[in-house]
Structure formats: C-alpha cells, structure tokens
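Biologist: Before we discuss any contacts, could you put the model on the screen so that we can go through it together?

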Amino acid sequence: MNKLATELSELKTELLHASISFDNEKSEKLQKEDGVRMLKARRAIEAYREQKSLSDSISSGWDIN
C-alpha cells in the first residue's frame with residue numbers, strides 16, 4: 001500500500017509539473033502573439049504617418065526630393 005501511495009504521489013507531482021509547463025508555454029505563446037500584433041500596429045501607424053506627411057507636403061506644393 002505504501003508503494004502505491006508513493007507512486008500516486010509521484011504521478012500527481014509529474015502531472016502538476018506538466019500542467020505548469022503547459023501553462024507557461026501557453027503564456028509565452030500569447031506574449032509572442034501580442035508582441036507580433038503590437039509590432040504590426042506600430043508599423044501601420046508609422047506607414048500612416050509617412051503617407052500623411054507625404055500627402056501634406058505634396059498638397060502644400062513642397063517636394064520632398
């Protein structure tokens with residue numbers, strides 16, 4: 001009976017570690033996805049600002065080159 005209790009305890013510990021590892025991996029994946037979304041948003045904002053600046057310059061009659 002003591003051996004069974006020990007094996008069950010070890011199994012519970014292994015399951016707990018696996019669960020923690022899975023949660024950590026999921027969290028890391030979500031952080032990476034958030035980072036990618038933020039980078040895309042930042043690039044879109046920069047592109048919009050560049051386009052707006054170019055449009056403003058052209059409409060005021062000033063050529064950038």
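Modeller: Being 3 residues apart in helix H1, Arg-37 and Asp-34 are separated by about one helical turn; helices are DSSP runs of H or I with at least four residues, strands are runs of E with at least two, and both are numbered from the N terminus. This is a predicted model, in which local features need pLDDT of at least 70 and side-chain atom pairs count only at pLDDT 80 or more, while totals for chains, interfaces and linings use all residues. Residues are numbered from 1 along each chain as its sequence is written, and side-chain values use heavy atoms, with hydrogens and water left out.

Biologist: What N to O distance is found where the side chains of Arg-37 and Asp-34 meet?

Modeller: Side chains of opposite charge can pair when their charged atoms come close. A salt bridge here is a side-chain nitrogen of Lys or Arg within 4 Å of a carboxyl oxygen of Asp or Glu. Arg-37 and Asp-34 form such a salt bridge, with an N to O distance of 2.2 Å.

Biologist: Which residue forms a salt bridge with Asp-56?

Modeller: The count of salt bridges comes to 2. In the one made by Asp-56, the closest N and O atoms are 3.4 Å apart, and the two partners lie in helix H1, 4 residues apart, about one turn of the helix. The partner of Asp-56 is Lys-52.

Biologist: Is Arg-37 buried, partly exposed or exposed?

Modeller: Buried means under 20% relative accessible area, exposed over 50%, and partly exposed in between, with a 1.4 Å probe and protein chains only. The relative accessible area of Arg-37 is 49%, so Arg-37 counts as partly exposed.

Biologist: Which residues form a nonpolar patch on the surface?

Modeller: A patch takes residues with over 30% relative accessible area and no salt bridge, joining like charges within 9 Å and nonpolar side chains (Val, Leu, Ile, Met, Phe, Trp, Tyr) within 5 Å. Among the members, Leu-4 has a relative accessible area of 47% and Leu-11 has 44%. The patch consists of Leu-4, Leu-8, Leu-11 and Leu-15.

Terms used
Areas by Shrake-Rupley, 256 points an atom, 1.4 Å probe, with all protein chains shown as cover.
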